[in-house]
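Subject: Structure handover

Hello,

Here is the structure you asked about, with notes on what turned up in it. Please read them with the model open beside you.

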Amino acid sequence: MSADRKSLVELFRRHVCQTSPAPLEIVIDRAEGSKIWDVDGREYFDLLSGIGVAGVGHCNPDVVQAIADQAPRYLHSLVYGEAVEQPQVELAAKVAELAPGDLSTVFFANSGTEAIEGALKLARKRTRRPRFIAFEGGYHGDTTGSLALCDNAAFREPFEPLLEVEFLPFGEVSALDRIDTSVAGVVVEPVQGEGGVRVPPDDFHPALRRACDDTGALLIHDEVMTGLGRTGRWFASQHWGVVPDILVLAKALGGGLPLGAFVGTPELMRELSDDPPLCHVTTFGGHPLSCAAGLAALRFAERERLPERAEQQGKVWVEQLTAMGGEHLVEVRGCGMLIGMEFSSPELTADFCRRAFEAGLILNWTLHRDTVVRLVPPLVMTDAETDEVFGILEGVFRGLSG
Ligand SMILES: Cc1ncc(COP(=O)(O)O)c(C=O)c1O
C-alpha cells in the first residue's frame, strides 16, 4: 500500500463515520463508463453502478459537459420553489413528458429518502388519515419516515417508535384487503431491490391500484432504484400499465449528482402550496447543477435508447448467469438490468462476493436478503465489456467450493 493510500485509509477510518465493520475501502482515483480505478491503478467493473446511479455510466461526457456549462452560470440561488431556474424547469418538463398518466408536477428533493418523506407528507395531508401500508422485503431509505416503511426489524427497532405502518406480503393479492379507509398511502417498489430483486406476479400491481382506488389510499411507487430505464421501461410500473398517485425518483435522476423527486398530478401537488403555503420546502432540492446533470443524463438515455438496451441485455445476463452458475444458484431472476442471483446459503453468497471483488468486480448481496447478489450494471456497458465480465464471473463460479 502506498504511503498516500495508507494515510488516506487511516483518516477515512478515524474521521469518516463508519457504517459497517468491513467497508470495501477502494481508494478511488477515477471512474468512467462501467469502470472504476483505484489509486494503485487497479481496474474494477462496477456491477452496482454506484447502487443504481450510473445508468448512463460514470462521468458520462454529456453529464460532465452540462455540469461544466452550468457551474459558472449560477449554483444555488434561492430556496426551492422561489426562483425560475432553467435546468430545474427543463428537467421537470422532461420527467413530465416521460412519466405515465398525468404525473406532470415535480417536487425536487436531494435524495431518495427525502423524496419518500415528501410523498408521505403529501399522502397524509391529502387524506388526513393516520396509517401507511408497506411490504415485506421493502426498502425506502433511512430517515425516520422511510425507515418506518422498511421491513427489517433489526434496522427499525432501535429507532422506534416510528410511523404507524402495516407490512403486507409482497406480491400477494389476497392480502390487499388489509387496505382500508384508515390508510393514507401504500408505498411499494414495483420490483423490490434490497428485498432480493423480487418481481411480483402480473396481477399484483393492477390489484393494488384497484385497492387504493376503492379506499382512497394514495398509491406511492418508489422507483428510486427501478426508474429511468433500469428495468427496460422508463418506469417499472409501465410493465403492468399501472399509474401511481405519486411517483418517487432519485439515484439515476441526477446523472451522478444528488437529486430526488416526487411527482404527482398538478391537482394533487397543489396541496403543497396551499393551507398552509410553504408546508414543504427545501433549501437545496433541485439544485441547478444536479438538474443540469440529470437533464443531460435523461437526454442521453433517450438518444441511446437505454430502456430498450436494458430490456435486451437483461435477458442475456439472466441466460448467461443461469448457465454459468449451475448448481451454486437457486435462481437467477430480474427485470431488465436489475438482476438477482440467489445462492443456497449466506456463506456461499459471501464467498462469491469476496472472490468476485478480488477478481475486479464490484458487487454485493442485498440489504435484506444475504443470499441474493443484486446486479445493476451501467446500462452503457458495451458488448465487449459484457463478454469480459462474463469471463470473469465464470472464473469466480469455477473457484467456488461445493
Ligand atoms: C427503492 C429505494 N428507495 C429509497 C432509497 C433511498 O434512497 P437514498 O439513499 O437516496 O436516500 C433507496 C436506496 O437504496 C432505494 O433502493
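Domain bounds, as used below, come from an automatic or database domain assignment. On that basis the protein is divided into domain 1 (3-56 + 305-399) and domain 2 (62-303). Please keep in mind throughout that this is a predicted model.

The two domains

The centres of domain 1 and domain 2, taken over C-alpha atoms, are 26 Å apart. Domain 1 puts 27 residues into the contact, and domain 2 puts in 28 residues. On the side of domain 1 that touches domain 2, two or more residues come from each of helix H11 (306-325), strand E11 (329-335), strand E12 (338-343) and strand E15 (372-375). H11 gives the most to this side, with 5 residues. By residue type, the side of domain 1 that touches domain 2 divides into 14 nonpolar, 8 polar and 5 charged.

The sheet with E15

E15 pairs with E12 in the antiparallel sense over 4 bridges. In that pairing, Gly340 stands opposite Arg374 of E15. On its other pairing, E15 runs antiparallel to strand E14 (residues 364-365), and 2 bridges join them. Here Asn364 has Arg374 as its bridge partner, and Trp365 has Val373. The hairpin that joins E14 to E15 passes through 6 residues.

In a regular strand the side chains alternate between the two faces of the sheet. What covers the two faces of E15? Val372 and Arg374 lie on one side, Val373 and Leu375 on the other, and all of these are buried, so both faces count as covered. Note that Arg374, a bridge partner of Asn364, is among the buried residues.

The nonpolar core

The largest nonpolar core has 106 residues. Within this core, Ala119, Val186, Val248, Leu249, Ala261 and Val263 touch the most other members. Helix H10 (residues 288-303) supplies the largest share, 10 residues. The core draws at least three residues from each of domain 1 and domain 2.

Leaving aside residues up to four places away in sequence, Ala119 touches Ile220, Ile246, Val248 and Phe262. One of these, Val248, is also among the core residues that touch the most other members.

The ligand

Which residues come nearest to the ligand? Of the 15 residues around the ligand, these are Ser111, Gly112, Thr113, Gly141 and Val224. Helix H5 (residues 112-127) gives the most to this shell, with 3 residues. The shell around the ligand divides into 6 nonpolar, 6 polar and 3 charged residues.

Backbone points to check

Most residues other than glycine have a negative phi, and most peptide bonds are trans.

Pro161 lies in the loop between helix H7 (153-156) and strand E6 (165-168). Pro276 is placed in the loop between helix H9 (266-269) and H10.

Arg128 is found in the loop between H5 and strand E5 (131-135). Leu228 sits in the loop between strand E8 (218-222) and strand E9 (246-249).

Arg128 has 7 other C-beta atoms within 10 Å, so Arg128 is exposed. Leu228 has 31 within 10 Å, so Leu228 is buried.

Regards

How values were computed:
Residues numbered from 1 in each chain as written. Predicted model: local features only at pLDDT ≥ 70, side-chain atom pairs only at ≥ 80, totals over all residues. Core = buried A, V, L, I, M, F, W, Y, C linked by C-beta atoms within 7 Å. Buried ≥ 20, exposed ≤ 12 C-beta atoms within 10 Å, placed from the backbone. Contact = placed C-beta atoms within 7 Å. Near = placed C-beta within 6 Å. Nonpolar A, V, L, I, M, F, W, Y, C, P; charged D, E, K, R; others polar. Pairing = 2+ DSSP bridges.
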